[in-house]
Amino acid sequence: TECDLEKGLEMRKWVLSGILATEEAYLSHLEALLLPLKPLKAAATTSQPVLTVAQIETIFFKVPELYEIHKEFYDGLLPRVQQWSHHQRVGDLFQKLASQLGVYRAFLDNYELAVETAEKCCQANSQFAEISENLKVRSPKDCKDTAKNSLEALLYKPVDRVTRSTLVLHDLLKHTPTSHPDHSLLQDALRISQNFLSSINEETTSRRQSLAGKKGE
């Protein structure tokens, strides 16, 4: 009925507003992670580097790219939600986001090495240890507020983000009528995300099994 359709579209807007809020928080986490990058790179070329160029590249691997991808997604989604109507389309943005999951693949493949390298560097260099324990994340509500986060906690954010991506698409699809032009695009984005997640889960399981096997030997 007309009333149900109305309710569905309201829910759709509500889901998208929630997505915007989590994207904003995620971007502020990635920003905080990127803050020390410039000074560390600058110091790397001096006689007293905090970290070597190779260490910097390992720890912050693919983080700038993830920031760019999500900034573009957020900047695309915000005006569409603000100018909301029955016919507003967002499927193309989600489809594009899903098509860039390869960057997450690269980040995840490097994740353990990034955390290990960061830990070693913290032990070897008190200046870096100080930096990595006090990364400031600004809160979206009020920019004056900042919360301290550790480098390790922030490096985990993309791992967490990618596992939630299918849940968000499920919610959005549930409230998108099959007649809506977004429906097939969102289905496509969901399919790509699900395939991506299941391939990662398989790899993680086989990696754990091979580690367990080595320990067993």
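Helices here are DSSP runs of H or I with at least four residues, numbered from the N terminus. This is a predicted model, in which local features need pLDDT of at least 70 and side-chain atom pairs count only at pLDDT 80 or more, whereas totals for chains, interfaces and linings use all residues. Residues are numbered from 1 along each chain as its sequence is written, and side-chain values use heavy atoms, with hydrogens and water left out.

Within α2, which covers residues 37–44, the buried positions are L37, L40, A43 and A44. Seen down the helix axis, these residues fall within an arc of 135° and so line one face of α2, the arc being that of the directions from the axis to the C-beta atoms.

## Aromatic pairs

Rings of Phe, Tyr and Trp (its six-membered ring) pair if their centres lie within 6.5 Å, with planes under 30 degrees apart counted as stacked, over 60 as edge-to-face and the rest as tilted; the count comes to 3 aromatic pairs. The rings of F73 and F94 have centres 5.1 Å apart and planes at 80°, so this pair is edge-to-face. Because F73 lies in α4 and F94 in α5 (residues 91–99), the pair ties together parts that are 21 residues apart in sequence.

F107 and Y111 form a tilted pair, at 6.2 Å centre to centre and 40° between the planes, and both lie in helix α6, 4 residues apart. Ring pairs link F107, Y111 and Y156 into a cluster.

Definitions and conventions
Buried < 20%, exposed > 50% of the residue type's maximum accessible area, 1.4 Å probe, protein only. Helix = DSSP H or I, 4+ residues; strand = E, 2+ residues; numbered from the N terminus.
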